[in-house]
Amino acid sequence: MASFKLNNQNLSQIAAKVLVPQYNRSILKTGIVHVGIGGFHRSHQAYYTDQLLHDETTKDWGICGVALLDFDAKIYNTLKEQDGLYTLIVKELDGSLTKSVIGSIVEYLFAPEDPKKVIEKMASPEVKIISLTITEGGYNYDEATGAFNFGNTLIQQDLDNPQAPKTIFGYLTQALKLRKERSLKGCTIQSCDNIQGNGHVAKKMLLSYVRVAEPGLVAWIEANVSFPNAMVDRITPATSALDIEILKESSDIDDAWPVVCEPFKQWVIEDDFIEGRPAWETVGAQFVEDVVPYEKMKLRLLNAGHSVLGILGALYGFSTIDEAASNADISSFLRIYMGNEVTPTLGGLEGVNLKNYKFSLIQRFGNTYIKDQIDRICSQSSAKIPIFILPVVYEQLEKKGSIDYAAFVIAAFAIYSVGVNEFGTQLIIKDAMEIVLNEKAILSRKNPEAFLEIESIFGKLKSNETFVEAYIKAYQNIVQNGIEKSVKDINSNVLNEI
Ligand code: CS2
C-alpha cells in the first residue's frame, strides 16, 4: 500500500492509523519562538505543548521553530515540506511503538536565510516566550572562569555586524532592542538545556554580551525579561534510517524526520514567566520554587551516567548505551559511582525517592529498544564533563569523599580522545574541541597529566594531588591491563552500591 507524505493535506488519511492533532492548527497564535528544533525539543517541549493544545481553550501557544545554524537547513526544509508536522515514536519498554503526529510547531524559520525575519518574530508582541535548546556549548562560557567567551569569532562577527547575527546572543539582543524601542513588553527566555541553573546561565551570558553590544539595553532586560531555571528530561536518540522505514511500513507515513524517544519524560520548571505561560502543569510538567535539587539530581545521575556508559562503553567497543548498561562490570561501576560519589553531593530532595530514581535510571539506560548511540553521548564531551561530572569531583574533594570513579572516567576519556580503542575500533571525536582533545590525548601516552592541562575543561584540577594521583593510577591501569580488567579491578574492593 502506498504511504502518505506527512503534511496537512494528508492528515485525514494518516489519522486512520496514527493519532493526529485534534485541534485547529490554522487558528493558533505563535506565543513561543523556539531556537534549536532538534530531536530533543520535538520529543519534549513541543510534545507537552501539543498535548496542551488539545484543550480547545488554548490558542495562544503555537510554536515557531527557528533553525539557527547553516547545519540546521535539513530540519528546516523537512518541517517546511511537512507543514511543521512530524511523527513522535515512543519506544515503550516492551518494544511496542506508540506513534502520534505532533502539531504544535506552526511556523518555522531558517535564520541564515533571513536573519531579519527571525529578529522580527522574536520581537513580535504575541510572542511571550523565547525558548532554547542550543546545547551545553551554545552558552559560550569559559568553564574555568565562568566568563562569557568574547574570543569566539562568531561573537566578534555579531558585534561587528549586529543586523545579521550568527549567534543566539546577537539575535536576542536585536530582538529585545526592538521590543524596547517599540515600547513593547518583555518576554521570558527559557533555557531547555542540560546546564545547572540554565536560566541563570542564560541570563548571565546574555547580559555579558549586551553590556558590550548594547549597554543601554541592560537595565531594560533586567526589568522586563525573566529567565526561569528548568530541569528537562527525555532520552531522545538520533533517528535512524530504520526508524523512518519502520514508520513507513507499519503506518504508511512517509515522514522524512520522525523523532524517537523513551516513554519517560520529566520537566521541572521554576514558575517565573514575566508575560505568562502555557498551563504545562495540566499535561505533566511540575512547577516548583527551587529547581536546583532536581537539576543536580538529573545532571549528576542521568547525564553523568550516560557519559560513564558512553565513554567506558566506547573503550569496550560497544556502540549503543544499552549494550554498555547490560555489561555486568560497567553496570557495577556505574552503581558504585552513583552511590559513593554522586549521592553524597545531592543533599535532601523533598518528595523524591532517590533510590527509586537511580533504579529507574538503570532501567532506562538498559531499554534495548532505544538504541541510543554511544557516539551521540560521547559527542561534545568537552562541554558535558564540566557540567555533568566535575562539580561532583570538586564537592567530593572538598569533603574528602571518594573521587576514584570520576577520575577513572576522565582517564578513560583521555584514552578515548586518541580516537581508537585497544581493539582497534575507530572512535568518533565529535567535539568543538576535537583538535585540542586529540593533541593532548596523544601527549598523554607519555605523560598522562598532559590531558588535564586543558584548562577550559579541567580548570585547576591538575594541581589537585588527590585527583591527579587517582587519575594517573586509572590511566596506567587501563593502558597496561586493558579496559575490561581495569574496570573489574576498581570494582573489586567496593560493594555494589547505588
Ligand atoms: C545525554 C542527554 O547528551 C547527553 O549526553 O545525556 O542528551 C540525555 O539523553 C538527555 O538529557 C535526557 O533527558
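Start with a charge on a ring: the charged end of Arg277 sits over the ring of Phe287, 3.5 Å from its centre. "Over" here has a rule: NZ of Lys or CZ of Arg within 6 Å of the ring centre and within 35 degrees of the ring normal. There is another case, with Arg364 lying over the face of Phe264 at 3.7 Å from the ring centre.

A word on the source. This is a predicted model, where local features need pLDDT of at least 70 and side-chain atom pairs count only at pLDDT 80 or more, while totals for chains, interfaces and linings use all residues. Residues are numbered from 1 along each chain as its sequence is written, and side-chain values use heavy atoms, with hydrogens and water left out.

Back to Phe287. Which cluster does Phe287 belong to? Ring pairs join Phe287 with Tyr47, Tyr48, Trp267, Phe273 and Trp280. Rings of Phe, Tyr and Trp (its six-membered ring) pair if their centres lie within 6.5 Å; planes under 30 degrees apart are stacked, over 60 edge-to-face, and the rest tilted. By this rule there are 18 aromatic pairs.

Take one of them. Tyr48 and Trp267 are tilted, at 5.1 Å centre to centre and 55° between the planes. This pair links distant parts of the chain: Tyr48 is in helix 3 (residues 45-53), Trp267 is in strand 13 (residues 266-270), and 219 residues separate them. Helices (H or I, at least four residues) and strands (E, at least two) are DSSP runs, numbered from the N terminus. Both Tyr48 and Trp267 are buried. Buried means under 20% relative accessible area, exposed means over 50%, and partly exposed is in between, with a 1.4 Å probe and protein chains only.

Next pair: Phe333 and Phe408. Their ring centres are 5.3 Å apart and their planes are at 55°, so this pair is tilted. It also links distant parts of the chain, with Phe333 in helix 13 (residues 328-342) and Phe408 in helix 18 (residues 404-416), 75 residues apart. Phe333 is buried at 0% relative accessible area. Phe408 is buried at 1%.

Now helix packing. Helix 7 (residues 168-181) packs on helix 8 (residues 198-213) at an angle of about 70°, with the axes 10 Å apart. Axes are lines fitted to C-alpha atoms, for helices over the stretch in contact, and angles run from 0 to 180 degrees between N-to-C directions. Helix 7 and helix 8 are therefore roughly perpendicular; that class covers 65 to 115 degrees, with under 35 roughly parallel, over 145 roughly antiparallel and the rest oblique. Which residues make the contact? Helix 7 supplies Phe169, Gly170, Leu172, Thr173 and Leu176, and helix 8 supplies Met205, Leu206, Tyr209, Val210 and Ala213. Contact means heavy atoms within 4.5 Å.

Ser379 is in the loop between helix 15 (374-378) and helix 16 (381-388). Is Ser379 buried or exposed? At 12% relative accessibility, Ser379 counts as buried. Leaving out residues up to four places away in sequence, Ser379 touches Lys384 and Lys430.

Then the backbone. Most residues other than glycine have a negative phi. Asp83, not a glycine, has a positive phi of about 55°. Asp83 is in the loop between helix 4 (73-81) and strand 4 (86-91), and counts as partly exposed at 24%. Lys400 also has a positive phi, near 55°. Lys400 lies in the loop between helix 17 (390-398) and helix 18, and is exposed, with a relative accessible area of 77%.
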